Amino acid sequence: MSKIEDKLYTTRYRVDHNTHLKIADMEVCRKCEGKPCTIFCPAKVYIWDEDHIRVVYEGCLECGSCRIGCPYFNITWNFPRGGYGVQHKFG
Amino acid sequence: MEETFDLVIVGGGPAGMSAAIVAARAGIKTIVIERGEFPGSKNVYGGVVYVHEIEKILPDFWKDKTAPIERIITDSRIVFANDHGAMQVGYKTDRFSDPPNVITTHRAKWDRWYANKAKEAGVLIVNNTVVEEVLRESTGKVIGVRTGRPDGDLHCKLVIFADGAQSPLLVRAGIRKEVKAEHVALSVKETIQLSEEEVTKRFGTKPGEGVTFEILGSLADKMDGVAIMYTNKDTVSLGIGANLEQWKKSKVTPYEMIDKLKEHPMIKPLVDGGQTKEYVAHWLPEGGYDTIPKLYGNGYLLCGDTAMLFNALHREGTNLAQETGRLAGEMAVRAIKEGDTSERMLSEYDANVKNSFVLRDMRKYRKFPHLLFNNPMIFQTLPDVVGDMIEEMLLVDGKSKKEKQKIIVRNIRKKVGLCRLMGLAWRAWRSVK
Amino acid sequence: MSDQEWKGVLVFIEVTDGKVQEVGWELLGEAKKLASKINQNVQALIIGHDVEKFAKDAIAYGADVVYVVDDPGYKNYITKTYAKAFVEIVNKHKPDIALIGATNLGRDLSGAIATVLKAGLTADCTGLDIDDQSKKLLSTRPTFGGNIMATIFCQKGKPQMSTVRPKVMKMPEPDPKRQGQVIKESVPVDPKDLTVKILEYIPDSCLESVEIEHAKILVAGGRGCNTPAGLDKLKELAKLIGGELCGSRPLVESGAITADRQVGQTGKTVVPRVYIAVGISGAIQHLVGMQNSDCIIAINSDPNAPIFKVATVSIVGSWQAIVPAMIEELKKRMGRQ
């Protein structure tokens, strides 16, 4: 078994200064039960930290699941800037 | 940008690049806009490519020593697994080795090689660029795209959208509806390094030949697991996914799920000791025929995953992308040469796709996604029942065969119910006939 | 060539615009510590034109040997020419470890060198150490978002390479009386490699791109004031006193600031004259990036916020009241002058 961080370390990224993922309204997250984004995100981008969701955008694998999987559509989602984000070696 | 192009293609994957090659060969001034560092850098797939469709564009490509072919698949298996065992049905033949039928490749290497073929044909490929907006004139006709680069507007006669299963661009432009969670499967995949000899040995193949496994069942905590395992030259592609609507209710994360898969008694001996070289995630657009958007409009065409063209039953996606890309390219040539890129003219593309195996197959399997989605029994109860049945048959414990038969039928009755089972069989038949 | 033949801890001394980048001196201090653990010497490499004069400074800061590659062809940085020179020195003198400052130049150069030498390279490290048993270099760096620190070592490949960000390592005290050896190495530039000619330097007109490490005054925002109104007030304050805006990790995640303005474990380490921390709790991930600032002014409504442990001036209260009041008062006083 390996940790998700070990897995993400095998993947190549060109990390941008800007986050391409933002929580639209943190209050919505506070009221959200279950917070499914913290489970289904394959890159563990979303982490519940006491009273807010952390967004570790650097590890995003750009699958888009959070955009439509958030029950409240509370994530402002864009592709990373051209040339940034995950860059597959195998795919 | 001051230069003008006849054809702008959004996305440098198999669909977009196929369209580009066809168009450029016919003298159409073509540009492909790719958001990754190079074509393939943003693509993920299970791992098999179908030779027939590629040969329509690159005849005898598999004889080209530079083609990044991993292994030629001569052994295909379907696996029905529960969490402690698996039933395999497979077919091995040497009829698929020369000429090859199906090959494994790595998307990042394949798309890059394919893009070089496009460059040879005269296509201009611009990487590191995201298309942000669709440009329309006052009549609503699509006349180009706006990219993220400064002065990044591109005007053209026709746009082909080949930008993948999730296209927020097309949703914003009102060309496609946003995807629903139940229409996609979220999958994660690891490329696991062994060595060429080790892969050949463990999978029992000839050197250069390989095996594919399509795996269905309750692979992890009774989630609807659909997994694949494909052999590459010196690596194994191992992927597992489930419907996104399921993931929303899950207690297991995708990375935990793939780790559990690696511990499965059938999988473990094949990948144990290997080193994970890459971990990726992607969607499989599983919604089927009913989720396919309109494939054309005034000044534009859609092809590949963007058009939700994916055959869930046969796990075919790249060949549908390749074929519709080719058809879109041919349509582009005709429309641009005749000076008519109106919706009426482009409807011919839709007819061509409908008549091809692409939509014929998707229409045939129209009900299949519903079958999987509405019958959790397939993933949750059936694998155990089948497993128990086979184990009972194989177990030598002194009971007579007639006794064993009774036990099996009793088990099926108790866990599934004979009528329910027959009902499922009937629905399954209906969904694929 | 066995591993035992590779000896020495080499530090690249970057000279840009006729000035030595201080990260080079910081790394010499670190190199000394590492070298003493493996009984090896400290080496420095200076590449450029008219750079021989810096050799004695390198010795003062801790180098035992300084290799100087001085040639007009190296006046302007070109990856190929610098990489070729670096690789030639490495192949000749075989250092066990090579350290490069993670400046733009350093990042560019280190990747090129590591590729040619097939050496392992760990970028943007925040910690360096030697493994007791294997005597290999251990490089520590934060992973995505700083959830986990990764310690990396190179199984094979020489030299073991790391880049370290400026101001992460402590600046050592120079000792002008130190003795050392200066070796002039001749690595002439191949004219064919001069593929780039610098015509003009145009200052970056993009205001967003800034190097906060060079700012003397920083106004930092944290979760406590991470709203558009809060950010506006902080920007106003910064502009008024000639400072730069920066912040903790949550401001990057919300898109309020870009990552190059982030201070902390996964961001930058800064040592400004004045650091005004508004709505920052002072979690350790942030503190490590700014605790050595000369004067820290902390504003937080929570009297138990850890930031107050390092603050020079602690103000317990809400930023909504305090920051506008500060701005008004500053305007008055600056107007008076």
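This is a predicted model: local features need pLDDT of at least 70, side-chain atom pairs count only at pLDDT 80 or more; totals for chains, interfaces and linings use all residues.
The assignment places residues 3-193 of chain C in domain 1 and residues 212-336 in domain 2. Where the two domains touch, eight residues come from domain 1 of chain C and nine residues from domain 2 of chain C. On the domain 1 side of this contact, three residues are nonpolar, three are polar and two are charged.

Chain B is assigned three domains, of which domain 1 is made up of the segments 7-70, 105-177 and 293-365, while domain 2 covers 181-285 and domain 3 covers 369-432. Between domain 2 of chain B and domain 3 of chain B, the C-alpha centres lie 25 Å apart, and the contact involves seven residues of domain 2 and six residues of domain 3. The side of domain 2 of chain B that takes part in this contact with domain 3 of chain B has no nonpolar residues, but four polar and three charged ones.

Two pairs of chains are in contact, and of these, chains A and B share the most contacts. In that pair, 43 residues of chain B are in contact with 31 residues of chain A. The elements of chain B that each supply at least two residues to the side touching chain A are helix H3 (107-120), strand S12 (184-193), helix H6 (244-247), helix H7 (254-263) and strand S16 (275-285). The most is given by S16(B), which contributes eight residues to the side of chain B that touches chain A. By class, this side of chain B divides into 17 nonpolar, 15 polar and eleven charged residues. Chain C also meets chain A, with twelve residues of chain C in contact with 13 residues of chain A; the chain C side of this contact holds four nonpolar, six polar and two charged residues. Chain B and chain C, in turn, are joined by no contact, and their closest C-alpha atoms lie 13 Å apart.

Within chain C, the axes of helix H3 (residues 79-93) and helix H4 (residues 104-117) come within 9 Å and cross at roughly 50°. Because a crossing counts as oblique when its angle lies between the parallel and perpendicular ranges, that is, from 35 to 65 degrees, H3(C) is oblique to H4(C). The crossing in which H3(C) passes H4(C) is right-handed. From H3(C), the contact draws on Thr79(C), Tyr82(C), Ala83(C), Phe86(C), Val87(C) and Val90(C), and from H4(C) on Asp108(C), Leu109(C), Ala112(C), Ile113(C), Val116(C) and Leu117(C). Ten of the residues in the contact of H3(C) with H4(C) are nonpolar, one is polar and one is charged. An α-helix has 3.6 residues a turn, so residues three or four places apart point the same way.

In the contact of H14(B) with H15(B), six residues are nonpolar, one is polar and four are charged. Helix H15 of chain B (residues 401-415) has 15 residues and reaches 21 Å from its first C-alpha to its last, close to the 21 Å expected at 1.5 Å a residue. Just after H15(B), a positive phi of about 95° is taken by Gly417(B).

Most residues other than glycine have a negative phi, and most peptide bonds are trans. The peptide bond from Asp98(B) to Pro99(B) is cis, with omega near 5°, and Pro99(B) is found in the loop between strand S5 (85-92) and strand S6 (102-104) of chain B. In chain C, Lys158(C) and Pro159(C) are likewise joined by a cis peptide bond, with omega about -5°, and Pro159(C) has its place in the loop between strand S10 (149-152) and strand S11 (160-164).

Notes: Residues are numbered from 1 along each chain as its sequence is written. Chains are lettered from A and ligands numbered from 1 in the order in which they are written. Axes are lines fitted to C-alpha atoms, for helices over the stretch in contact, and angles run from 0 to 180 degrees between N-to-C directions. Helices (H or I, at least four residues) and strands (E, at least two) are DSSP runs, numbered from the N terminus. Angles under 35 degrees count as roughly parallel, over 145 as roughly antiparallel, 65 to 115 as roughly perpendicular and the rest as oblique. A crossing is left-handed if the near helix is turned anticlockwise from the far one by less than a right angle, and right-handed if clockwise. Ala, Val, Leu, Ile, Met, Phe, Trp, Tyr, Cys and Pro count as nonpolar, Asp, Glu, Lys and Arg as charged, and the others, Gly among them, as polar. The expected span of a helix is 1.5 Å times one less than its number of residues. Domain bounds come from an automatic or database domain assignment.
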